[in-house]
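This report describes one protein chain for a reader who has not seen it before. It starts with a sheet and then turns to a pocket and a cavity.

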Amino acid sequence: MRHVIALDVGGTGMKAALVGAEAARSGGNPPGPPELLHEARRPTGRERGPEAVVESILAFAADLRAYGEEHLGESALAAGVAVPGIVDAENGIAAYAANLGWRDVPMRRLLSERLNGVPVALGHDVRTGGLAEGRIGAGRGADRFLFVPLGTGIAGAIGIDGRVEPGAHGFAGEIGHIVVRPGGIPCPCGQRGCLERLASASAVTLAWAEASGDPDADAADCAKAVESGDPRALAVWREAVEALADGLVTALTLLDPRVLIIGGGLAEAGETLFVPLRAAVQERVTFQKLPEIVPAALGDTAGCLGAGLLAWDLVAQAAPPSPAAPGPDTRTSDTGSHTDTDSGSDSSEVTA
């Protein structure tokens, strides 16, 4: 059975799947749901150091390839891998990841070699997750979308006609570093008052732990306290929502998305987040068109599914074009010229 390898590398764990062709179909209507033929998870093992992490990724991919050969009857056609940090997708380099400790890892080449030469696509984890949300998730069918996961930090994926825009240098979508509170909380990026320092899940966790006096409290606890009407939680939540709305309005002013998809841990609060967020965004827009603001649909599987889509895109690019139907055939003989018109047609469709 035709399939590709999909691998999503996180700070603590890796999610993988063998993905069938259904996820790649994109002609006419939006593509159907992905066909997951096999799923697996493993720890990243970052405590063993960056070289060991890279070896774990390569070994996991090789095991997935072997599983496909044994249980699906053939080798994977391609592989896609999503990694965190700074990614040079064009050259297949995992340039830097603070939480994994690596620098300038030629991930695409290493994986292709371990997989006996199959083509490999490398993607940034958030942009890859955004690709999946746009094609087969909450943004399915939208020509323009912005995917914003609210997790440890805040990033974004800019979707345009079924693809995600990486930018000239691979940094497009980093809206977590829009300054929404000038002179505010210092950010590791070197600025002060960045969006992710106020509205990420980790920012809400820190603010609520301080406000509640409970060092073990987290963002989910804050959301529960908001639902119960705790005034301290309401103040923390309001500050985060207002900062998030400021950042999102800046983004939608620049990008004019049709759909704004909010994911990550903070989005798990559901309407506790979305009701005040939609209201805060609406209050701030003037001439801008208000996009539909929706929760992400794919959860923590988005990165893995997006990696599968990247791999199927490689397969589609490598496929020969469908032969065109024969048209008029002009032939010249030594006695003159004549035109034969073949009224029949012979075409075939290549699907990934």
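Helices (H or I, at least four residues) and strands (E, at least two) are DSSP runs, numbered from the N terminus. Two strands pair if DSSP finds at least two bridges between them. The model is predicted: local features need pLDDT of at least 70, side-chain atom pairs count only at pLDDT 80 or more, and totals for chains, interfaces and linings use all residues. Residues are numbered from 1 along each chain as its sequence is written, and side-chain values use heavy atoms, with hydrogens and water left out.

**The sheet**

An open sheet with mixed pairing is formed by five strands, in the order β11-β10-β9-β12-β13. Its edges are β11 (163-164) and β13 (292-295); each has a single partner strand, so one side of each is left without a neighbour in the sheet.

β10 (residues 157-160) pairs with β11 in the antiparallel sense, over two bridges. Ile-160 stands opposite Arg-163 in β11, and Gly-159 has Val-164 of β11 as its bridge partner. Two residues lie between the strands in the hairpin of β10 and β11, where Asp-161 takes a positive phi near 50°. β10 also pairs with β9, again in the antiparallel sense, over four bridges. There the bridge partner of Arg-144 is Ile-160 in β10.

In what follows, contact means heavy atoms within 4.5 Å. Axes are lines fitted to C-alpha atoms, for helices over the stretch in contact, and angles run from 0 to 180 degrees between N-to-C directions. Helix α3 (residues 125-136) touches β9 (144-149), β10, β11 and β12 (259-263), and its direction makes about 130° with that of β9. Helix α7 (residues 231-255) touches β9, β10 and β12, and its direction makes about 155° with that of β9.

**A pocket and a cavity**

On a 1 Å grid over the protein atoms alone, a cavity is a set of points where a 1.4 Å probe fits but cannot get out; a pocket is an open set with protein on both sides within 12 Å along at least five of seven lines, and lining residues have an atom within 4 Å of a point. Grid points are joined across faces, edges and corners, and a volume is the space filled by probe spheres set on the points. For the classes in the table, Ala, Val, Leu, Ile, Met, Phe, Trp, Tyr, Cys and Pro count as nonpolar, Asp, Glu, Lys and Arg as charged, and the others, Gly among them, as polar.

| Space | Volume | Lining by class |
|---|---|---|
| Second largest pocket | about 640 Å³ | 11 nonpolar, seven polar and seven charged residues |
| Largest cavity | about 30 Å³ | seven nonpolar, one polar and no charged residues |

The second largest pocket has 25 lining residues, and those nearest its centre are Ala-89, Leu-122, Val-164, Pro-166 and Leu-310. Two or more lining residues come from each of β5 (86-88), β8 (120-124), α3, β11 and α9 (302-318). β8 gives the most, with five residues.

The structure holds one cavity of 30 Å³ or more. Residues lining the largest cavity include Ile-5, Leu-7, Ala-61 and Gly-80. β1 (4-9) and β4 (79-83) are the elements that give two or more residues to this lining, and the largest share, three residues, comes from β4.

**The whole chain**

The protein chain has nine helices and 15 strands. Of its 352 residues, 46% are buried (under 20% relative accessible area, with a 1.4 Å probe and protein chains only). Among contacts between residues at least 6 apart in sequence, 62% join residues at least 24 apart.

Terms used
Buried < 20%, exposed > 50% of the residue type's maximum accessible area, 1.4 Å probe, protein only.
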